[in-house]
Amino acid sequence: MSCFTSKFADELIANAAYIGTPGKGILAADESTGTIGKRLASINVENVESNRRALRELLFTTPGALPCLSGVILFEETLYQKSSNGTPFVEILKSAGVLPGIKVDKGTVELAGTNGETTTQGLDGLGERCKKYYEAGARFAKWRAVLKIGQNEPSELAIHENAYGLARYAVICQENGLVPIVEPEILVDGSHDIHKCAAVTERVLAACYKALSDHHVLLEGTLLKPNMVTPGSESAKVAPEVIAEHTVRALQRTVPAAVPAIVFLSGGQSEEEATRNLNAMNQLKTKKPWFLSFSFGRALQQSTLKTWGGKEENVKKAQEAFLVRCKANSEATLGAYKGDAKLGEGAAESLHVKDYKY
Amino acid sequence: MSAFVGKYADELIKTAKYIATPGKGILAADESTGTIGKRFASINVENNESNRQALRELLFTSPGTFPCLSGVILFEETLYQKTSEGKPFVDLLMENGVIPGIKVDKGVVDLAGTNGETTTQGLDSLGTRCQEYYKAGARFAKWRAVLKIGATEPSELSIQENAKGLARYAIICQENGLVPIVEPEILTDGNHDIKKCAAVTETVLAAVYKALNDHHVLLEGTLLKPNMVTPGSDSAKVTPEVIAEYTVTALRRTVPPAVPGIVFLSGGQSEEEATLNLNAMNKLAVLKPWTLTFSFGRALQQSTLKAWAGKTENVAKAQATFLTRCKANSDATLGKYTGGASGDSAASESLYVKGYKY
């Protein structure tokens, strides 16, 4: 095997496969303190620990939601928080069959000499941090690399740096028992068409899998979190079937069958768009040796946040809105979504923020 | 798309898919004049054009074999030869649903500064040659890159040179209407175990697919011809099931699902070994997004050659022997081979030649 032999190998393979259970997906609730601040600001809620805790409790205790989820990505603070009755969030998730995950990157920094391209930091002491997160109950990790499309972007430097950063992060995770989610996000910003996005996505993913091979990563114990292949944010929209076709083809050309599941990011898509696109992919009749599911942040929480507005009396209604999105996406992983999800306030609202940083 | 989609794209995709039809495979009859001379010497037959023509006529007119074959790889001389009744070989093959292919590489040369590692030549005017071969009726091509396992082999240089050579050959073929068979053969020579072979195979295949992506090759219009993953020639043998497991794992980790078929080379394996191994792979209960079939030279012809021994009166017997191997391998692509196809001792004879060059 060109992959290294981790003492955690069997566990990594089992956990990665579990996350890829049909009918389930991931809730990305790992917004950093700064980013969640922006979300809370949009609903006039103060960015304090108790509010951040209250929001996550709202999500994790929504009746009926956890069976739709195989994992939740957490920010470090949340990994150690408890519900109002003193139960650690990690316990609530685990006892409902939901694997806790942890965001481990430390954000992006610019690559000098490029046109605003970035690389992701967080490798220093990563092994130690992973060990601690494993002890705290985490079983998978996430690291977001960011690329953009432009005249000369992504550059070979940006592709290489981000791919090899992802690979190094991935193998360190595996050495310490965490399934690495590999996330090479290509931002939707721009006026390019879907073909350009497809070409860049294929190039970036090919570089990622070469890097993972070079670093001896065990692919069966990883997950991929890519962007869907879509036109740029400033270009005309296309049907979900078109997005599905280009996305799945790009993946067929680059992602080895050993990878058990692909959990899409939602980027700036509205809740409804993201669900419909995922659904269309799962209805496509073509070779898909990996399970196609979701790892949505905004596209699962947007209408829930709006409904909550930070008020205790809105919790029940907000939880109902959250359940609607969870069920819709669960059905989408089976190609069974009929588009009849009761649209909560803001479900059809685009969540695109230009040059999104979080 | 990052793939080059030229005027032949649809045809390439269709041809590659057809060659990968379950139940069929490729006869590699592309031995160069020098190499076929060695085969003839072993049966005391003179190496002249009419004998070379006679052997190929024997093979291509064997009753009942056409349904087992989707393609035949030819040497340049053979592409222009005819049956004794004056029918061009390519017409005979095409009329019977067998696609003619052409060997286009010009052999290996040493890489200076390495320990006997090689690169493959043949890129000069390759485009023009492909056009002529297409006119003559060829619809796929083959180029053999060779790597070896040793204390410090394969070197990074050898992997890169051979991967890039394969990629450049592949895109030139596609520009000119020929489906490229990508063949990165890792020789069995050595006393390494199966794990070492697996590690090297995965590393080499990862490099090959990165190179193909860099060169904009349309994967849906290619085929892969790899070695099976086995212990070295000087090591203890293992069962077909073990070979199947390591081989399919290596392929699942490296070969994108967009590739329609994988056509194994037989290396130095005996006819029976090669068939049993292919059969075991097709029986393996694991997801395989490409068909697994054969592109055998020696492992299809060995006992046929011996039965023929250059004598007209032996042709019928030799053809019956050839049919036996064709059927056995056809069954093996469906996981239906029950073993012992011919009681012939030649079928179990190892065809291993140290440092094999052809």
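Hello everyone, and a word on ground rules before the tour. This is a predicted model, in which local features need pLDDT of at least 70 and side-chain atom pairs count only at pLDDT 80 or more, while totals for chains, interfaces and linings use all residues. Residues are numbered from 1 along each chain as its sequence is written, chains are lettered from A and ligands numbered from 1 in the order in which they are written, and side-chain values use heavy atoms, with hydrogens and water left out.

Let's start where the chains meet. Chain A gives 27 residues to the contact and chain B gives 27 residues; contact here means heavy atoms within 4.5 Å. How much area do chain A and chain B bury between them? The value is about 2300 Å², with 58% of it on carbon and sulfur atoms. Buried area is the accessible area, taken with a 1.4 Å probe, that two parts lose on being put together, summed over both.

Now for the charges across that contact. There are 2 salt bridges between chain A and chain B, a salt bridge being a side-chain nitrogen of Lys or Arg within 4 Å of a carboxyl oxygen of Asp or Glu. One of them pairs B:Glu220 with A:Arg253, whose closest N and O atoms are 2.8 Å apart.

Which elements give two or more residues to the side of chain A that touches chain B? They are helix H8 (194-214) and helix H9 (240-252) of chain A. Helices (H or I, at least four residues) and strands (E, at least two) are DSSP runs, numbered from the N terminus. H8(A) supplies the largest share of that side, 9 residues. By class, the side of chain A that touches chain B has 14 nonpolar, 6 polar and 7 charged residues. In this count Ala, Val, Leu, Ile, Met, Phe, Trp, Tyr, Cys and Pro are nonpolar, Asp, Glu, Lys and Arg are charged, and the others, Gly among them, are polar.

A:Glu245 counts as partly exposed because its relative accessibility is 37%. The cut-offs are under 20% relative accessible area for buried, over 50% for exposed, and partly exposed in between (1.4 Å probe, protein chains only).

Over all chains, the structure holds 35 salt bridges. In chain A, the side chains of A:Arg56 and A:Glu31 meet in one, at 2.9 Å from N to O. That pair links distant parts of the chain, with A:Arg56 in helix H3 (residues 49-60) and A:Glu31 in the loop between strand S1 (25-29) and helix H2 (33-42), 25 residues apart. Both A:Arg56 and A:Glu31 are buried. There is also a network of salt bridges linking A:Asp30, A:Lys103, A:Lys142, A:Arg144, A:Glu183 and A:Glu185.

Over in chain B, B:Arg139 forms a salt bridge with B:Glu11, at 3.3 Å between the closest N and O atoms. The two are 128 residues apart, B:Arg139 in the loop between helix H6 (126-135) and strand S6 (140-147), and B:Glu11 in helix H1 (residues 9-19). Why is B:Arg139 classed as buried? Its relative accessible area is 18%, whereas B:Glu11, at 28%, is partly exposed.

Now a buried lysine. B:Lys225 sits in the loop between strand S8 (223-224) and helix H9 (240-252) of chain B, and it counts as buried because its relative accessible area is 2%. Its contacts beyond four places in sequence include B:Ala28, B:Ile73 and B:Phe264. The side chains of B:Lys225 and B:Ser295 are joined by a polar contact of 2.8 Å.

Last stop: B:Glu57, found in helix H3 (residues 49-60) of chain B. B:Glu57 is buried yet has no salt bridge, and the nearest side chain of opposite charge, B:Arg56, is 11 Å away. For charge, Lys and Arg count as positive and Asp and Glu as negative; His and the chain ends are not counted.

How values were computed:
Polar contact = N/O pair within 3.5 Å; in protein donor to acceptor, adjacent residues only side chain to side chain.
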